[in-house]
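Here is my note on the model shown below. Please read it with the confidence values in mind.

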Amino acid sequence: MKKVLAALLAGGLVLSTVGCGGSSKSEVVATPDQSAPVAAAEENKKEPVTIKHWYWADNTEYSAVMQDIVKKFNETNESGITVVAEEYPWDGGGYSNTLFSAAMGGGGPDTASWKLTSTPLFTANNLLANLDDYIANWDQKDDIDQNLYDIMKQAGGTENIHVMPWNTQILYVYYRPSMFEEVGIEVPKTYEEFLTACEKLTRDTDGDGKTDVYGFGMRGAKGGQEPWGSFIHGRGGNFEDMTSPESVAGMQDFIDLYQKGYVPPTAPTDGFNEIIANFKSGRTAMTIHHTGSSAGMIETFGEDVSAFPFPAGKGQWTSMGDTENVIFESCKNKDAAFEWVAYLATGEGQKIWCEATGNVPVSKTVQALDFYQNNKFMKASIEGMSYAGILPILDTTTEWISVTWPNTVGFALTGEMTAEETMKVLQEELYK
Amino acid sequence: MDKKHISFGKIFGLYLPLIAILLFLLFPFYWTFITSIKPEAELYGSVVTYWPKNTTFEAYRKLFFEFNFLKAMGNSLVVTVSTTVLSLVVSVLAAYAFSRYRFKGRKFFMVMFLTNNMFPTVLLLIPLYAIMRKLNILYTPGALVLAYTTFTIPFSVWLMNGYMNDLPSSLEEAALVDGANRATAFIKIILPMLTPCIVATGVYIFMNAWNEYTFAVMFTNEANRTIPVALKSLIGQLGVQWDLLTAGGIITIIPVCILFFFAQKRLVEGLTAGAVKG
Amino acid sequence: MQEKKASIWPYLLIAPALIIVIAVVFIPVLQAILMSFQSYDLRRPNNIAFIGFENYIGLFNDKLFWKSLFRTFIWVGFGVGLQFIFGFVLALILNQSFRGRGIVRAVSLIPWVTPGVLIGLMWRWIYDGNYGVLNDILMRLHIINDNIPFLSKASTAFPSVILTIIWQGIPFFAIMILAGLQGISQDMYEAADIDGASKMQKLFRITIPSLKNTLFITVLLRIIWVANSVDVIFNMTEGGPSYSTQTLSVYIFNKGMAMDLGYASAMSLILTIILSAVAIPYLINKFRTEEE
């Protein structure tokens, strides 16, 4: 019996010593992503290269599309590159944290799908490759608007471009034409008309004294800062000075919509899922989102759904959502990595992805395709492009978006904070 | 005894509270199942339906044939079982030492094990990731098992220590007097008596490893994803895939319940099969 | 029972557990303690420096910290307290013999087997202010006249998440206590029966005293676990609306996710000290009774 006990103990010890001993030989061990690929055997000039790519998928179909693109790229590229794409959960933005922790821990992929807001955190820690030279020497450089490169540059807070454009999502207003007809209003042309429409579309349809249809589906949870920005600018305010009387007036409009009951009472915690569900179920008459949801809308309503760009008041603004790709500084084959992200930006990868997901392409060539010109939702997106913008991207932005904005605006909606107080907090926290 | 009296007592002492608690515990599960077979239009309908008008098992088919959920389940099982076995073995030994021996540094080690539980994992992510990479076990099930055991072991040691202290030590003493050595006494007497507590602790470890997300997303890649990560992948930026998510939940729960159905017998048998009637 | 001193056995027995824990967690925890005295914000890596107790002073002046701390007490008090009571009752029930007991034991485990991701989403769905089944049930029973947006109002959000954590934790206590109940010798109950003791008397004179160690340690471990738990709250409300469900561990998580690791570490240390303070009376008592 002693033996059994000793064996158990020994087993435990071996396990734990194996655990400890490993650390000493760590330098010798090669990174796993260097294993030789089998593809491109006929290409004998260039060494076969493997690129590890991380991405998230918004649903299982998109995941399949991504794998298709990878497969196509691996088959057609002439440099012997094999991309291995691994999916990570979006996790409400937790994706960027997973990526960051891995990169800081010395692991992580060669390339990854990206959100601009996390750029300052990564560039501050020198984790991203500088793409300046790659882009300057790239034959398809001009297929992407210079404006986009500038935005990428600003986001990193440095002089260099670290982020490769991939696709954008311009927010616009979805509406139900049948409901507009029922209350007898036209598509709003101005910001004020939009606010009036919210009021008029709020109705008690079955006469039981309770509101059944709300004019507008407000997003008060994380991510709600995007449509909210349109209200701030509608009164002539901006993000640089959120405490200006104009900005505060926009905030007041936002609060009023909630307090007067023109938006569902669940608004403070409504996220993408809720605003889309409420719109689809007919509980709201308008909501703000991008083309990513248009396929589902058509499936639900057929012809009874349309879109208009967020109208102008004293100012006009809509949020440009974004998705990019980056190359990590630790990547050993940056040339190959660039070939891959370029394929996604202007090549076949761009076309397949944008057609499947309904995102707005960054490649001018792809934008010019019929598919984008004849689609009413794409049209609303492209119309919005001229005044579309992004939040100032600072190292505080991520926390501001995921914690400060939803909670502070929550206080405002329920009347615990005034519009002035709210905007003061938002200003301080973003620029701290 | 009066039979009617018993049944009356049973109704109020057993069945009514049992039904109330079960209703509370199981309703969300029922609702998960209903959601998994409801078409989306009905999910967001104006009337809440307690049984779907149209049932669809499409999500289950998709989960197995397109989403490869079985693989995630297999990965979870490997990680969970390894974690449970490893944690139990080392914790039983340590708990036994803490309970039955008095030695220098005992209090210190016990307190150390307890405080170990108190530190939030979010702060340990980056250093742990670096350690796993140095050990060269990153993106293998081993990384997860190691990460989980560091949290399950201290907990289990304390839990089993508590049980062991409640167990009378007279039996081992009797065995020792009879000339058995400590190891024999441990295996012949203590282990059988501990069975219920080992099962309970094992269940605890199993659940923790089965449900953990934060480490799982860091230390696995696509090849060895576990269930919580697979489920989380179903929530993208465009909405929750309710059908797949809830169906995934249901098929996650069922095998564990079946497993536990067989394990729970041990919870009862412990003492009666053991040595108390000695 | 006492054992001969100077034995190497106890050290050998605890060695495997100790080695695994120390090898992996010890260094990261030390690092975190060091970070709490630094301006360790990875968003500004060039500014990282030792700043003494500045993080702690910052905490002292941080209203959100105090509110989150207070909420943690409520969260643990109600959460663990009610989990314990319901779990105990369930364990006593499951310890009786009745038909289908095996199945009931197995299914009562369900809340515990459910991944946190799903718990959060399902309960959010149940509480939903537009399509939620809870609102529907309350309406049908004529308890309310209009839908309540449970998770969208600061006043109802926190009780709602507490109810969820209670739901999730009942099986833990039920299983642990059930296991403990098996250790009680039937002879004691038989003796009490002969003395004509009532059910309540047996519960308070035999069952609870015999389970003393088990009860204390399960409650203590559960307090630690619930105080540290993030995933249920995070998956349901992310700490909102208006911070109304932000416990200290959620605050730490948010700060950790924002990579303000110095501040998050300082908060973690405070939380650890508070949890230790909860454990200390138990430990002192335990070690004292051992020596007697």
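1. Domain bounds here come from an automatic or database domain assignment. For chain A it gives domain 1 (49–169 + 321–389) and domain 2 (172–309 + 394–431). Their C-alpha centres lie 29 Å apart.

2. This is a predicted model, in which local features need pLDDT of at least 70, side-chain atom pairs count only at pLDDT 80 or more, and totals for chains, interfaces and linings use all residues. Residues are numbered from 1 along each chain as its sequence is written, with chains lettered from A and ligands numbered from 1 in the order in which they are written.

3. Confidence first. pLDDT is the predictor's confidence in each residue, from 0 to 100. Chain A has a mean of 86, with 89% of its residues at 70 or more. Helix α10 (residues 245–259) of chain A scores highest, at 96, and α1(A) lowest, at a mean of 39. Helices (H or I, at least four residues) and strands (E, at least two) are DSSP runs, numbered from the N terminus.

4. Over residues 1–44 of chain A, pLDDT stays under 50. Where pLDDT is low, the predicted coordinates should not be read in detail.

5. Now the chain pairing. 38 residues of chain A are in contact (C-beta atoms, placed from the backbone, within 7 Å) with 36 residues of chain B. α1(A) gives the most to the side of chain A that touches chain B, with eight residues.

6. Within chain A, 21 residues of domain 1 are in contact with 18 residues of domain 2. α17(A) gives the most to the domain 1 side, with seven residues.

Terms used:
Contact = placed C-beta atoms within 7 Å.
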